[in-house]
Amino acid sequence: MIVAISFVVLILFGMPIGFAIGLAGVIGLIDMGGGSFLAIGPSKIFNGLNIFPFLAMPFFILAGEIMNGTGITTRLVKLAQVLVGRFRGGLAHTNMLASVFFAGLTGSATADAAAFGRTLVPAMVKEGYKRDYACAVTAAGSIIGPTIPPSGLMVVYGSLMGVSIAGLFAAGILPGLVICAVCMGVIVVGGKRENLPQALRGASLKEVWQTFVSSLTALAMPVIILGGILGGIVTPTEAASIAVAYALFIGAVVYRTLTFKNFYSMLVRTARITGVIFVIIAFASVLGWWMSFERIPQLMAETVLSLSDNRYAVIAIIIGLLLVVGMVMDITAILIILAPVLVPLTEQVGLEPIHAGIIFVLALNISLMTPPVGACLFVLSSVTGERLERISVKLMPFLIAEVAILFIFAFWEDAALLLPRLLGFAS
């Protein structure tokens, strides 16, 4: 109890989440056996990071930074616009479809929100969209990034829980595409209510073809990543390093927009993002070991199963817990702390490991756009100057739709595991 209270108090006082987790873990070690147990801490921190697949994360982040910084993203947005810009609310549809293209480059919701908050949101406002609605569309589409692979969250989950990362990548494709399609449906349904602008004209077939050809180099990157991983040719870490090499080649040789100064800035941003994530993972290893020592995962499973042993009720409880905790806490920290606690519970009700993993990833991704501390909401609010409350109100139809999708894939195992089974990653 003292560990939980300490952690909550540290968070309330504004301590960064990684250090709050670390200090709570240290308190847990002292509570277990006094100062002598502190000697275990350094080895747990090292072992927590000494996992080869984790190398994929900085490579994927750097590849996304290079693609963003060399103008490749702009070409993908243009392609999305010529494909769906002809419909009412064309730029809103463009925003959503561009998120699908963008997902294969960065796998980051906040990167998506920041990039589109600076480009598409001002363009939408200029075309007559309300700024809060433009931000809401961007937030709703941003979670497609870490759902469709590559996804940093899937790398963390797969590495920690011993689940096939390639299998998780395969499982994320269909939910990501469904989220895009359903959100575009929400845009259509709300078009008249929001008084969305009508497109002046649609793109000709010639324009579509020319834009497609100019975007081929960008579209090839997710094909290389997913094709290599799902085809069993390369590991996720190797695919991530290949993605960096490919992005460097495109930026420096093909488009010639990559400079040494820009590249240095990309390396700095990558180091900062990776550092934050790895600090959380390292210190969470100490806290996780304390939780295992105290048998908290087993106690949690016994408590939930005492309420109900119904498979669907247990899934609903897990989803509810993840969504609620995700409202107030960093999702990487949640995954590292709660996955070892809740996964034994999913095993007891017969959930396939990849199915359980995609439930975790979808639920935590959705929490990125839920107030009060949804990271995507804060990014959009800071980038655009729009009030967070106004964005949240306009976001509600999209949020309800995406939670419904989460429950559909959580309860319908055949849909969630369709691609993993076809590719041989699940039985």
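Modeller: Arginine 256 lies in the loop between helix H13 (236–254) and helix H14 (260–293); helices (H or I, at least four residues) and strands (E, at least two) are DSSP runs, numbered from the N terminus. This is a predicted model, in which local features need pLDDT of at least 70, side-chain atom pairs count only at pLDDT 80 or more, and totals for chains, interfaces and linings use all residues. Residues are numbered from 1 along each chain as its sequence is written, and side-chain values use heavy atoms, with hydrogens and water left out.

Colleague: Why is arginine 256 called exposed?

Modeller: Its relative accessible area is 70%. Exposed means over 50%, buried under 20%, and partly exposed in between (1.4 Å probe, protein chains only), so arginine 256 is exposed.

Colleague: What is the phi of arginine 256?

Modeller: Arginine 256 has a positive phi of about 55 degrees although it is not a glycine. Most residues other than glycine have a negative phi.

Colleague: Where does asparagine 195 lie, and why is it called exposed?

Modeller: Asparagine 195 is in the loop between helix H11 (165–189) and helix H12 (205–230). Its relative accessible area is 55%, so it is exposed. Phi of asparagine 195 is positive too, near 55 degrees.

Colleague: Why is threonine 370 called buried?

Modeller: Threonine 370 has a relative accessible area of 5%, so it counts as buried. This residue is found in the loop between helix H18 (353–367) and helix H19 (375–384).

Colleague: What does threonine 370 contact?

Modeller: Contact means heavy atoms within 4.5 Å. Leaving aside neighbours within four places in sequence, threonine 370 is in contact with Gly326, Met327, Leu377 and Leu399. A polar atom of the threonine 370 side chain also lies 2.8 Å from the backbone oxygen of serine 367.

Colleague: Which residues touch the most other members of the largest nonpolar core?

Modeller: A nonpolar core is a set of buried Ala, Val, Leu, Ile, Met, Phe, Trp, Tyr and Cys residues joined through side-chain atoms within 4.5 Å. The largest has 155 residues, and Ile21, Met96, Tyr157, Leu322 and Phe398 touch the most other members. H11 gives the largest share of this core, 13 residues. Leaving aside neighbours within four places in sequence, the contacts of phenylalanine 398 include Tyr133, Cys183 and Met369.

Colleague: What is the peptide bond from proline 149 to proline 150, cis or trans?

Modeller: That bond is cis, with omega near 5 degrees. Most peptide bonds are trans. Proline 150 is in the loop between helix H9 (131–142) and helix H10 (152–161).

Definitions and conventions:
A polar contact is a pair of N or O atoms within 3.5 Å; within protein, one must be able to donate a hydrogen and the other to accept it, and residues adjacent in sequence count only if both atoms are side-chain atoms.
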